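The following exercises are to be worked with the sequence and the coordinates at hand. Each task is followed by a solution in steps.

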Amino acid sequence: MERWWFHMIAGPDGSEQQVRLILRVGEDPSAFPTLQVRLDGTEVPVDDASVDYEAPEWKALQLYTAGSGAGADQRWEALKDRLRAQAR
C-alpha cells in the first residue's frame with residue numbers, strides 16, 4: 001500500500017497556491033521522493049516553504065484540477081508515477 005503526503009502551501013493572500021507531493025517509502029523521511037507544483041500545473045523546485053496544512057488526496061486533486069483545468073487527472077497521475085519511479 002502506498003503512503004502519500006499532500007502538503008498544501010499558501011501564498012501571500014493565505015489561499016492555497018502549491019502542493020508538495022511526497023511518496024512515503026522506506027525509513028528515512030529525508031529520502032522520500034518529493035516534488036512540488038503550483039495549482040496551475042507548473043512544476044517548481046521543492047523548497048522549504050512552510051506547510052499550511054496536510055490535505056487528503058481528494059482535496060489536493062480538487063484544488064489542482066480547479067487551477068490547472070482539462071487533463072488535470074492525467075497530469076496528477078503522471079506526477080505520482082514520476083515519484084514512484086524515483087522510489088524504485
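## Exercise 1: The nonpolar core

Task: In this predicted model, determine how many residues the largest nonpolar core has and which of them have the most contacts inside it.

Solution. The largest nonpolar core has 17 residues. Those with the most contacts inside it are Phe-6, Met-8, Val-19, Leu-21, Val-37, Ala-60 and Trp-76. The next step is to assign the core to elements: two or more residues each are given by strand E1 (4–10), strand E2 (16–23), strand E3 (34–38), helix H1 (57–68) and helix H2 (72–87). The largest share, four residues, comes from H2.

The surroundings of Met-8 can then be listed. If residues up to four places away in sequence are not counted, Met-8 touches Glu-16, Gln-18, Val-19, Leu-39, Val-51, Asp-52, Tyr-53, Ala-55, Ala-60 and Leu-63.

## Exercise 2: The packing of H1 and H2

Task: State how the axes of H1 and H2 are arranged, and which residues make the contact.

Solution. Step one concerns the axes, which come within 9 Å and cross at roughly 125 degrees. Step three gives the handedness, as H1 passes H2 in a right-handed crossing.

Step four lists the partners. H1 contributes Glu-57, Ala-60, Leu-61, Tyr-64, Thr-65 and Ser-68. H2 contributes Ala-72, Asp-73, Arg-75, Trp-76, Glu-77, Leu-79 and Lys-80. Sorted by class, this contact has six nonpolar, two polar and five charged residues.

## Exercise 3: Residues in the helices

Task: Decide whether Ala-72 is buried or exposed, and do likewise for Gln-62.

Solution. Ala-72 lies in helix H2. Its relative accessible area is 1%, which is under the 20% limit, so Ala-72 is buried. Leaving aside neighbours within four places in sequence, Ala-72 is in contact with Tyr-64 and Thr-65. The C-alpha atoms of Ala-72 and Ala-10, 62 residues apart along the chain, are separated by 20 Å.

Gln-62 has its place in helix H1. With 43% relative accessibility, Gln-62 counts as partly exposed, because this class covers values between 20% and 50%. Between the C-alpha atoms of Gln-62 and Trp-76, which are 14 residues apart along the chain, the separation is 11 Å.

## Exercise 4: Residues in the loops

Task: Locate Gly-11 and Pro-45, and classify the accessibility of Gly-11 and of Pro-45.

Solution. Gly-11 is found in the loop between E1 and E2. Its relative accessibility is 17%, so Gly-11 counts as buried. The C-alpha atom of Gly-11 is separated by 16 Å from that of Ala-66, with the two residues 55 apart along the chain.

Pro-45 is found in the loop between strand E4 (43–44) and strand E5 (53–55). Its relative accessibility is 65%, and Pro-45 therefore counts as exposed. Pro-45 and Thr-34 are 11 residues apart along the chain, and their C-alpha atoms are separated by 9.9 Å.

Technical notes: Residues are numbered from 1 along each chain as its sequence is written. This is a predicted model: local features need pLDDT of at least 70, side-chain atom pairs count only at pLDDT 80 or more; totals for chains, interfaces and linings use all residues. Side-chain values use heavy atoms; hydrogens and water are left out. A nonpolar core is a set of buried Ala, Val, Leu, Ile, Met, Phe, Trp, Tyr and Cys residues joined through side-chain atoms within 4.5 Å. Buried means under 20% relative accessible area, exposed over 50%, partly exposed in between (1.4 Å probe, protein chains only). Contact means heavy atoms within 4.5 Å. Axes are lines fitted to C-alpha atoms, for helices over the stretch in contact, and angles run from 0 to 180 degrees between N-to-C directions. A crossing is left-handed if the near helix is turned anticlockwise from the far one by less than a right angle, and right-handed if clockwise. Ala, Val, Leu, Ile, Met, Phe, Trp, Tyr, Cys and Pro count as nonpolar, Asp, Glu, Lys and Arg as charged, and the others, Gly among them, as polar.
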